[in-house]
Amino acid sequence: MLEAERVIEALERERGAGATRDRLLREAVQRIQAAEPHYHWVGIYLLEGDTLVLHNYIGRETEHTRIPVGTGVCGTAVAEGRDLNVPDVHAVDNYLACSLETAAELVVLIRDPASGVIHGQLDLDSDRRAAFTERDERELKRVADWLAGLFDTE
Ligand code: SME
């Protein structure tokens, strides 16, 4: 079960030991994916201008390494400034398929809680329909808020 507290504690330890932001973003993906077997694909996209750029991921290879804001579930989340929990990706018009097996997707923005600036997002896919619960959303939001602290908002 994903427990944000434990993921954050581990990331805090790594940061204390001098880990770079790049390393911490990779570590976060690994720890999140390891928490739940039905998190079949877990990745982080970072926002560069008006494009989401895939930073790192675990799961099946994807061709969607760069996604324009406004496109797909990922780009829509940024355009609308909100997290998106999609129980059935096949019901979404502009869905960008990473794999035919994917059934559900959850996008949680990495956004500075104070300024509202969006730095990127956690993106999760599952082969199980309606895989993501409100608890998943809540726990991932806590991790995403911690990750937002790794970015300068200047
Ligand atoms: N399905 C996403 C694209 C990214 S992949 O799931 C890894 C979308 O519709 O934006």
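## Helix 2 against helix 4

Leu24, Leu25, Ala28 and Ile32 of helix 2 meet Leu140, Val143, Trp146 and Leu147 of helix 4. Contact here means heavy atoms within 4.5 Å. The residues of this contact divide into eight nonpolar, no polar and no charged. Ala, Val, Leu, Ile, Met, Phe, Trp, Tyr, Cys and Pro count as nonpolar; Asp, Glu, Lys and Arg count as charged; the others, Gly among them, count as polar.

Helix 2 and helix 4 (residues 134–148) pack at an angle of about 170°, and their axes are 11 Å apart. That makes helix 2 roughly antiparallel to helix 4. Angles under 35 degrees count as roughly parallel, over 145 as roughly antiparallel, 65 to 115 as roughly perpendicular and the rest as oblique. Axes are lines fitted to C-alpha atoms, for helices over the stretch in contact, and angles run from 0 to 180 degrees between N-to-C directions. Helices (H or I, at least four residues) are DSSP runs, numbered from the N terminus.

## Basis of the model

This is a predicted model: local features need pLDDT of at least 70, side-chain atom pairs count only at pLDDT 80 or more, and totals for chains, interfaces and linings use all residues. Residues are numbered from 1 along each chain as its sequence is written, and side-chain values use heavy atoms, with hydrogens and water left out.

## Helix 1 against helix 2

Helix 1 (residues 4–16) and helix 2 (residues 21–35) pack at about 155°, with axes 10 Å apart. The two are therefore roughly antiparallel to each other. Their crossing is right-handed. A crossing is right-handed if the near helix is turned clockwise from the far one by less than a right angle, and left-handed if anticlockwise.

Helix 1 contributes Val7, Ala10, Leu11, Glu14 and Arg15 to the contact; helix 2 contributes Arg23, Leu24, Glu27, Ala28 and Arg31. These residues divide into five nonpolar, no polar and five charged.

## Helix 1 against helix 4

Helix 1 and helix 4 pack at about 20°, their axes 9 Å apart. That makes helix 1 roughly parallel to helix 4. The crossing is right-handed. From helix 1, the contact takes in Ala4, Glu5, Val7, Ile8, Leu11, Glu12 and Arg15; from helix 4, Glu139, Arg142, Val143, Trp146 and Leu147.

## Ligand surroundings

The residues around the ligand (a heavy atom within 4 Å) are Trp41, Tyr45, Ile67, Gly72, Val73, Cys74, Tyr95, Leu96, Cys98, Glu105, Asp123 and Asp125.

Polar contacts are pairs of N or O atoms within 3.5 Å. A ligand oxygen atom is 2.9 Å from a polar backbone atom of Val73. Glu105 places a polar side-chain atom 2.8 Å from a ligand nitrogen atom. For Asp125, a polar side-chain atom lies 2.9 Å from an oxygen atom of the ligand.

## Ala79 in helix 3

Ala79 is found in helix 3 (residues 72–80). Leaving aside neighbours within four places in sequence, Ala79 is in contact with Val69 and Gly70. Ala79 and Pro68 are 11 residues apart in sequence and 9.6 Å apart in space, C-alpha to C-alpha.

Terms used. A polar contact is a pair of N or O atoms within 3.5 Å; within protein, one must be able to donate a hydrogen and the other to accept it, and residues adjacent in sequence count only if both atoms are side-chain atoms.
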